[in-house]
Amino acid sequence: MIFSFIFWEDPTVPSQLQEKKNTPAGPAPSFIGGKYESPVILTTVGHLYPDIDFKNGEDLQNNVLSRLFEDKLGIKVNYLWTTTGDEDVYINKLNTLIATGQSLPDIVTFKGGQNMYPLLRSGAFRDVGQLFEQYASPKWKAAMAQAPESWDRYVINGKKMAIPILDGKMNSNEVLYIRQDWLDKLGLAAPSTIDEMETVMDAFVHLDPDGNGKDDTYGLSISLKNSFFTWMSDAGFVFGAYGEMPDIWSTDDDGILSYGSVQPSIRQGLTTLKRWMERGYVPKDAEILDEVQATESWKLGKAGMILAPLWAAGWPLGDVTANVPGARFEAYPIPVGPSGLSGTRGTPPEYGAIAINADMVNPEIFFNYMNFVYDNFVDPPSGSPYRWGIAEGYDYGNEDGKVTFLESQVPGGFADPQKYLLSLSLPSVPNLLSESIARINSGASDQTSYDIKNKLLRTPQELKGWQIVESNPSVYKTDAFTGAPTPTMEKIGDALDELLHDAMLKIVYGQEPLSSFDLVVTRWHELGGDKITEEVNEWYTSLGKINQ
């Protein structure tokens, strides 16, 4: 597929950075038989996300994975610094380094988000397109060929300024998880419509499903802090029941991209959420809970329903079975609205990107690192020492000669080395997981070692969730605008989104009438929304997707 792109210069970038040239490469260090003869150092920086765990006194700098790369490849990864807390701390520190002319590491990894684009436009990083063609392994290239659109978001002025980290297709698609023991206790069936869902939520709130004699349970746990359309504890399905999804672009009847958050049907979603908030079906503190924090009420046995990705049936939702004796939950389809519509978040083709310092003399060191990941960890061949995971005692165990993925059977518990990778987690071949799960669910006899591991890893709820997802593909919505932010979007896009988000929160919490939504939408258009829409559709037209 051939793409064309709209180019623009960033006048805020210092001229010395715009004119910066790649440092000429010196003699490449000797890489023989898959290992450097003399150890090489690959510098980076990191953010300690809340799902990263360590054991045996290790840290991000020194751990079982770093030792493996030193031993197998002769590559030592050196973290110049790490940050904790909000991810903005990480991005702001990088921005400060660039603004003050301080040196950057060889490799910088981003989880995504608009705040990374000033960094990619700064001139501090290099075009990675030709490097990928020159150094990436055949397996990595084949994976990228399954999702060529994953590059779009990182193309700036016609150059590929970061390498996307691939996700598995459908891997993070959402389903509705429900406390099955609550349904059974109250004699209820799982809801298939929004109206039926309200009936179930009302029972979960008022009929004491946890049996403690207290009015302390919720129907549904949601997060509204960052977005009404997010990756876990999601409320986006409420809007999907009426036809539009907030925070993403989709094509209208004329094939033009329009922004979901300003469409008229959003009013119906807000009306429904306001009613749920008033009736106590959802937690009052949803506006201050991020996506993971909002799962706490579920994990503690105080919420009866939650929307979350397929993999969340293991972590974090599976914790409820350990915290609450007798707790059981199942995966169910997304409820439909009054007109039979439904929609929720689908899986984008990538979950972040890796940028390479413009001054990195030997970028092939990074590619040798990632090639090893793709060739050994992603889909290990039969008999590979990594077919069950990266390291025994960390992401899998051995109980009496049998492989186990039960944390209780691993001394000291799990500490997943995949989270220490430069890619932040194990990257994917886009079709690999979905094809494997399909074989598992069909009972195919020709299962690979990857399939066997997957079957051991996946909970029954997740396997059922995959069947739901695969049978309802039209429910899952992703952003039709996959390019880098347009000029106006980069300047004021965050401010306009915050304007809409704050207004929607005030309506849901009863602080403003529903009519205020129309006024805010008008302001959005006037303050730059129309210009952004024009730029987004110029980009879309450049792909040749709009019928002329």
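In the predicted model, the protein chain is divided into domain 1, comprising residues 12-166 and 350-377, and domain 2, comprising residues 174-345 and 478-483. The C-alpha centres of domain 1 and domain 2 are 36 Å apart. Asp 106 is placed in the loop between helix 3 (87-99) and strand 5 (107-110). Its relative accessibility is 16%, so Asp 106 counts as buried. A distance of 48 Å separates the C-alpha atoms of Asp 106 and Leu 341, which are 235 residues apart along the chain.

The count of salt bridges comes to 18. One of these joins the side chains of Asp 184 and Arg 328, with an N to O distance of 2.9 Å. This pair links distant parts of the chain, 144 residues apart: Asp 184 lies in helix 7 (residues 180-186), and Arg 328 in the loop between helix 12 (319-323) and strand 13 (329-332). Asp 184 is partly exposed, with a relative accessible area of 43%, and Arg 328 is partly exposed at 41%.

Within helix 10 (residues 266-278), Glu 278 and Lys 274 lie 4 residues apart, about one turn of the helix. Their side chains meet in a salt bridge of 2.5 Å, N to O. Glu 278 counts as exposed at 54% relative accessibility, whereas Lys 274 counts as partly exposed at 26%.

A further salt bridge is formed by Glu 462 with Arg 458, the closest N and O atoms being 3.1 Å apart. Glu 462 is buried, with a relative accessible area of 3%, and Arg 458 is buried at 18%.

On the surface, Asp 494, Asp 497, Glu 498 and Asp 502 gather in a patch of negative charge. Glu 498 is placed in helix 17 (residues 487-508).

How values were computed. Residues are numbered from 1 along each chain as its sequence is written. This is a predicted model: local features need pLDDT of at least 70, side-chain atom pairs count only at pLDDT 80 or more; totals for chains, interfaces and linings use all residues. Side-chain values use heavy atoms; hydrogens and water are left out. Patches are made of residues with over 30% relative accessible area and no salt bridge: like charges are joined within 9 Å, nonpolar side chains (Val, Leu, Ile, Met, Phe, Trp, Tyr) within 5 Å. Accessible areas come from the Shrake-Rupley method with a 1.4 Å probe; for residues, only the protein chains shown count as cover. A salt bridge is a side-chain nitrogen of Lys or Arg within 4 Å of a carboxyl oxygen of Asp or Glu. Lys and Arg count as positive and Asp and Glu as negative; His and the chain ends are not counted. The place of a charge is taken as NZ of Lys, CZ of Arg, CG of Asp or CD of Glu. Helices (H or I, at least four residues) and strands (E, at least two) are DSSP runs, numbered from the N terminus. Domain bounds come from an automatic or database domain assignment. Buried means under 20% relative accessible area, exposed over 50%, partly exposed in between (1.4 Å probe, protein chains only).
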